[in-house]
Amino acid sequence: MSEGEKRAILDDTAIRRGLTRIAHEIVEKNKGIEGCVLVGIRTRGVHLARRLAEQIREIEGAPVACGELDITGYRDDRSAEGQAGAIAVADAEGRPVAIHDKRVILIDDVLYTGRTIRAAMDALMDQGRPQSIQLAVLLDRGHRELPIRPDYVGKNVPTSKQESIRVSLQEVDGEDNVTITERQGGR
């Protein structure tokens, strides 16, 4: 692939299939959905969590709690100056979602170094004490800097550090696809 060239690695059908598989695996591993809470990491993780919640509702015939988490204040790659802590786990209407003593399934679009997930776990622990935290990601691209491993993966995509992954979702970007690009300047 030449520098700057985009290559599609998932289309809308592949994304849907990956999420369907994850939804079934969540239900199977947890023996249903009782005591489970899906928590999406802003921004794209929130939309993936909502899609998974809908699929799980169709599978189980009952809703599963679903919330979102803003981890901006917990990131270690940004200055802490002027950043607030995590916004409490909340549903789409901004109402709090309880995570204490629940099995939390944390959801994000891409797992790379693990630092975003570490920040999300710190934020969750400040909100309460979950029974357990599981991790679901649409893509696992490798290159971990922290000992974090997903429980549910839509697709493993081996990449080089010079490549960049872009997840586009209908709710944010107007289309569903995942592309890989060679980074400009090789970093």
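Which element gives the most to the lining of the largest pocket, and with how many residues?

Modeller: Helix 3 gives the most, with five residues. A word on the model: it is predicted, so local features need pLDDT of at least 70, side-chain atom pairs count only at pLDDT 80 or more, and totals for chains, interfaces and linings use all residues. Residues are numbered from 1 along each chain as its sequence is written, and side-chain values use heavy atoms, without hydrogens and water.

Now the pocket itself. The largest pocket has a volume of about 660 Å³. A pocket is an open set of points on a 1 Å grid over the protein atoms alone, where a 1.4 Å probe fits, with protein on both sides within 12 Å along at least five of seven lines. Its volume is the space filled by probe spheres set on the points, which are joined across faces, edges and corners. Lining residues have an atom within 4 Å of a point.

The largest pocket is lined by 28 residues. Closest to its centre are Arg75, Asp108, Asp109, Val110 and Thr116. Strand 5 (103-111), helix 3 (115-127) and strand 8 (163-168) each give two or more residues to this lining. Helices (H or I, at least four residues) and strands (E, at least two) are DSSP runs, numbered from the N terminus.

By class, the lining has 14 charged, nine nonpolar and five polar residues. Charged means Asp, Glu, Lys and Arg; nonpolar means Ala, Val, Leu, Ile, Met, Phe, Trp, Tyr, Cys and Pro; the others, Gly among them, are polar.

The second largest pocket holds about 200 Å³ of space.
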